[in-house]
Amino acid sequence: MKLTEEQIYRYSRNILLPEVGGSGQEKLLSSKVFCVGVGGLGSPVALYLVAAGVGTIGIADADQVDISNLQRQVIHFTDDIGKPKTESAKEKLKRLNPDVNVIVYKEAITKKNIRDIIKDYDIVLDGSDNFPTRYLVNDACYFEKKTLISGAILQFEGQVSVFKPFAGGPCYRCLYPEIPPLGMIPSCQEAGILGAVAGIIGTIQAVEALKEILQIGRSLVGRLLVFNALNMSFTDIKVKKDPNCPLCGENPSIRDLSDYDYSQREECEFDLASLIGNK
Amino acid sequence: MESIKIDERIDITKEICPMTFVKTKLKLESMRSGQVLEVTLKGGEPLKNVPKSVREEGHKILDIRKENDHYKILIERR
């Protein structure tokens with residue numbers, strides 16, 4: 001690959017970095033990343049990766065832009081309300097950098113389609129807003145041996161980690177083995193989220209993706225970075241591979257996506273009992 | 001300095017910072033270790049910054065000399 005004169009100018013600030021250079025820029029231009037969701041996390045992820053010259057970006061989201069999204073989902077504008085998020089995002093990304101190939105998936109991510117979709121990509125970034133998708137993405141990445149850069153946010157907090165179980169690290173299930181029952185953890189819709197927190201966590205996901213592509217620095221593999229905006233603190237928690245992990249452990253119970261029910265169950269009896277006990 | 005064999009040449013007199021170094025860096029990347037690049041550049045800011053950045057990336061400056069209105073620097077690729 002030979003950088004054009006325009007590309008040399010466009011990416012000059014990347015190329016200047018000793019860790020990037022022309023060869024690093026060429027790596028970025030030939031890389032393929034997949035974003036699950038173009039919402040609060042997916043907006044900064046997609047914008048920064050496309051700006052940096054990642055060659056191909058796949059974006060999946062089945063939702064339409066809603067006015068309540070605009071407080072944090074910075075890729076969508078007021079006149080996009082009602083449009084599919086993928087369409088709104090693609091239009092901005094092409095305007096930002098016409099070099100980049102943007103592939104859109106309007107349909108929901110399911111057990112049936114996810115492995116087929118992600119197999120063409122190098123890295124998967126999860127910015128989904130629900131647990132069934134989060135677990136499905138983790139499991140599919142494990143089976144397809146794809147690096148997963150996972151981000152999550154709620155209220156004033158966020159978490160990020162990089163999962164590469166195929167290279168010896170833990171997976172998302174080593175950290176959180178099972179889908180939590182409905183109602184145990186509130187959603188952004190119920191509990192709120194400070195928009196800029198999504199920007200911080202999504203931007204960290206984008207940085208980790210660029211480091212993975214360039215193979216530079218120390219990644220978040222085996223570490224969970226926990227951010228608290230009210231204290232303005234970052235805490236780095238060690239995550240070990242769990243030998244009893246239902247997915248990547250020694251005796252896995254999930255050997256294929258068809259082995260697991262990804263629907264979220266109602267709150268368990270134990271919690272109900274403890275609620276009554278509190279009265 | 002007459003005996004140094006020049007493998008590649010680049011003229012960055014029309015560039016402004018940081019493209020002066022970006023162009024030099026990309027040229028060096030395309031060369032093999034030990035090869036010599038001659039860079040023609042203007043005095044002032046480029047003359048101050050390009051050799052400094054080149055050294056910071058581990059290359060060797062073999063010579064800097066004035067020629068008419070411009071300067072020529074010889075760089076040995078790391």
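**View 1. Side chains on strand E7 of chain A point two ways.** In this predicted model, A:Arg223, A:Leu225 and A:Phe227 point to one side of E7(A), while A:Leu224, A:Val226 and A:Asn228 point to the other, and all are buried. Six of the six residues of this strand (residues 223–228) are buried, so strand E7 is largely enclosed by the rest of the structure.

**View 2. Strand E7(A) meets its partners.** Let's look at who pairs with whom. Strand E6 (residues 157–163) of chain A pairs with E7(A) in the antiparallel sense, over four bridges. Here A:Glu157 has A:Asn228 of E7(A) as its bridge partner. E7(A) and E8(A) also run antiparallel, joined by six bridges, and A:Leu224 has A:Ile237 in E8(A) as its bridge partner. In the hairpin of these two strands, four residues lie between the strands, and A:Met232 takes a positive phi near 45 degrees.

**View 3. The sheet as a whole.** Now step back to find the order E3-E2-E1-E4-E5-E6-E7-E8 in chain A, an open sheet of eight strands with mixed pairing. Strands E3 (101–105) and E8 (233–238) stand at the edges with a single partner strand each, so one side of each is left without a neighbour in the sheet. On average, neighbouring strands are turned by 15 degrees against each other, direction ignored.

View 4. Strands E4 (residues 123–126) and E5 (residues 147–154) of chain A run parallel and are joined by four bridges; A:Leu125 stands opposite A:Ile149 in E5(A). Helix H7 (residues 131–144) of chain A packs on the sheet, touching E1 (32–36), E4 and E5. The direction of H7 makes about 165 degrees with that of E5(A).

Key:
Residues numbered from 1 in each chain as written. Chains lettered and ligands numbered in written order. Predicted model: local features only at pLDDT ≥ 70, side-chain atom pairs only at ≥ 80, totals over all residues. Heavy atoms only, no water. Pairing = 2+ DSSP bridges. Axes fitted to C-alpha atoms, helices over the stretch in contact; angles between N-to-C directions. Contact = heavy atoms within 4.5 Å. Buried < 20%, exposed > 50% of the residue type's maximum accessible area, 1.4 Å probe, protein only.
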